[in-house]
Amino acid sequence: MKSYCISIVGTGYVGLCTAVAFATKGYQAITSTHDKQKSASINKGIPPFYELNLQETLQKVVRDGHLECTLKRQEAILNTDITFIAVATPSKPDGSIDLQHIENAAKEVGQALNKKDTYHLVVVKSTVVPGTTENVVKPILEKYSCAHCGVDFGLCMNPEFLREGSALHDALNPDRIIIGEHDQKSGDGLEVFYRDFYAEKMPPLIRTNLPTAELIKYASNAFLATKISFINTVANICEKIPGADVTMVAKGIGLDKRIGPLFLNAGLGYGGSCFPKDVKALIAHSKTLGYAPDLLEAVENVNETQLYKAVQLCRNLLIDLKGKNIAILGLAFKPNIDDIREARSILIINQLLKEGANIIAYDPVAILKAKSIFKNKIKYASSSIECLKGADCCILVTEWEEFKKLKPEDFTKNMRQTILIDGRRVYNPEEFSKKLKFAAIGLGPGNLKSTANKP
Ligand SMILES: NC(=O)c1ccc[n+]([C@@H]2O[C@H](COP(=O)([O-])OP(=O)(O)OC[C@H]3O[C@@H](n4cnc5c(N)ncnc54)[C@H](O)[C@@H]3O)[C@@H](O)[C@H]2O)c1
C-alpha cells in the first residue's frame, strides 16, 4: 500500500468529506481555504456544516495527524502528489454555471506547479459543464505553471456523486468511479490511486474522456430530477381521481426492475445545492450548443410550481391566510443536514408571508442558517411541539425522522385549529384524517373519510 499525500482545494461538502474519507485510510490529506476562521475550526475538528458522523471522524483524523486545513495553499500543492479541485460552481442568473472559483483554483494550482519539478496529478471534482476541464482548466494550468499537460502534470475529471446527509458514507462507499482522462498516464494515475484507496471495496470503474465524464454527472442529476418531477406529475393527476393515492402508484411502478423504487417520493419538489443548479446549467449549456432540451425544461417547470401546492392546500383549508399562524416543520432541503440552499421551505415561507400569515418554524439543525435569511420576519421554535402550539395549520416540509414519529394527538393537543398538510407523504392518511383536517400531496378525493375533513 502506498501512502498518498493529497491536497484538496475547497472545504465544502465535497472537499471536506472527500478529504476526511482519504484521511481515514491513513493518507495525508491537506485541505486549503482562504478563510482563517474556517481553517482554525477544521483544525480543531469542527466542520463548518452539519453532516452525519463527520465531526467525530474529522476529530479522529485531525488528532491522528492525517488531516490538516491550511491557508498556505501553494504549500499544500507542493507537498502532495495529487490535487483535487472541489470548489463551488454556482448558477449565474441565466442558469449557466459561474466558473470564477474554478478559474481561481486552477490559477493557484498552476502557480504552485510552476515551483514543482516532479509530476503532479490535478483532478477536477467540481461539477462543470462539458468542455470546461479541457478548455478552461487546462489552459489556465498550463499558463501559470509554464508546463505541459499530459507531460509535466496530469489532468482528470472525476465527478462526485455523494449525497448530502450521507456524504461521508457515500465518499467511502460510492456506487461507481468515473474517470475522465486527458491522457492515459493521467487516468492510470487516478485509477491506481482509487484501487489502493478502495482495495477490496473497489466499486465499478469507468474510464472515459473529459467531456463524457463531465456529462455523466449532469445526466445523473438530470435523470434523478426527472424522476422526482415525473412522480409529482403523477401525484397531481392522482389528486383529480377519486380514491387514487400516489404512494401506492409509486410502490406499484417501483417494483418494475426497469424503473426501481428510489426517487419516486411525491412531495414538494427538489431543492438543494445540486439538482436545481445542475438542471439549469445543463439546459443553458445545451442551448449554447443549439439544442433546446424540452424535457428538462418541463422537469424544471413542474418543480417550480409543485412547492406552491402546499400554499394552495393551506388556502383551501383556511380560506384566508391573513393573520393565521402557520407552523412549518422542516427547513433544510432534506433531512439530516443543515443546508438550506434552494430549500423549498424558503419559497413556501416567503409566499405565506406575502399572504399575511404568521410563521413559526422548527428544524432539528437548520434554524441557525434559516435565521440568516428570515431574521425576525418569522418565529423559531425549539421543538416540534413548541412549533405546533397555537397554530392554525401545520405544513410538513422536510421529512426528518422525528417528525415521522408525531402522533395525531401531538397536533390535536397543541394546535388552535387542527389542520395538517403533509408535503412529503410521511403520515398515514387514514389514521391522521380520523382526528384532524388532513391534506397531502397526491391524494385523490375520497381517500379521507373522516368527519374531521368535512368542511
Ligand atoms: N454538495 C453536494 O452534495 C455535491 C455533490 C456532488 C457534487 N457537488 C459539486 O461539487 C462542487 C462543490 O460543491 P460543495 O457542495 O462542496 O460546495 P460548497 O459551496 O459547500 O463548498 C465550496 C467550497 O469551496 C471554497 N472555495 C472557493 N474557491 C476556493 C479557492 N480558490 N480555494 C479554496 N477554496 C475555495 C468555498 O469557500 C467553499 O468552502 C460543486 O461543483 C458541486 O456542484 C456537490
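Predicted model: local features only at pLDDT ≥ 70, side-chain atom pairs only at ≥ 80, totals over all residues.
**Entry 1: the ligand shell**

Helices here are DSSP runs of H or I with at least four residues, strands are E runs of at least two, and both are numbered from the N terminus.

I found 25 residues surrounding the ligand, the closest being Gly10, Gly12, Val14, Ser126 and Thr127. A residue counts as near if its C-beta atom, placed from the backbone, lies within 6 Å. Helix 5 gives the most, with four residues. I sorted the shell into nine nonpolar, 13 polar and three charged residues (Ala, Val, Leu, Ile, Met, Phe, Trp, Tyr, Cys and Pro are nonpolar; Asp, Glu, Lys and Arg charged; the others, Gly among them, polar).

Next I traced an open sheet of eight strands, ordered 3-2-1-4-5-6-7-8 with mixed pairing. Strands pair if DSSP finds at least two bridges between them. Strand 3 (67-70) and strand 8 (205-209) are the edges with a single partner each, so one side of each has no neighbour in the sheet. Strand 7 (residues 177-181) runs parallel to strand 8, joined by five bridges, and isoleucine 177 stands opposite leucine 205.

I then checked what packs on the sheet. Helix 1 touches strand 1 (5-9), strand 2 (28-32), strand 3 and strand 4 (82-85), its direction making about 165° with that of strand 2. Contact requires C-beta atoms, placed from the backbone, within 7 Å. Angles run from 0 to 180 degrees between N-to-C directions, with axes fitted to C-alpha atoms, for helices over the stretch in contact. Helix 5 lies across strand 1, strand 4, strand 5 (120-124) and strand 6 (153-157), at about 165° to strand 4.

**Entry 2: helix pairs**

I looked up helix 9 (residues 210-238) with helix 11: their axes come within 9 Å and cross at roughly 115°. The two are therefore roughly perpendicular (65 to 115 degrees counts as such). Their contact divides into eight nonpolar residues, one polar and one charged.

Conventions. Residues numbered from 1 in each chain as written. Parallel < 35°, antiparallel > 145°, perpendicular 65-115°, else oblique. Contact = placed C-beta atoms within 7 Å.
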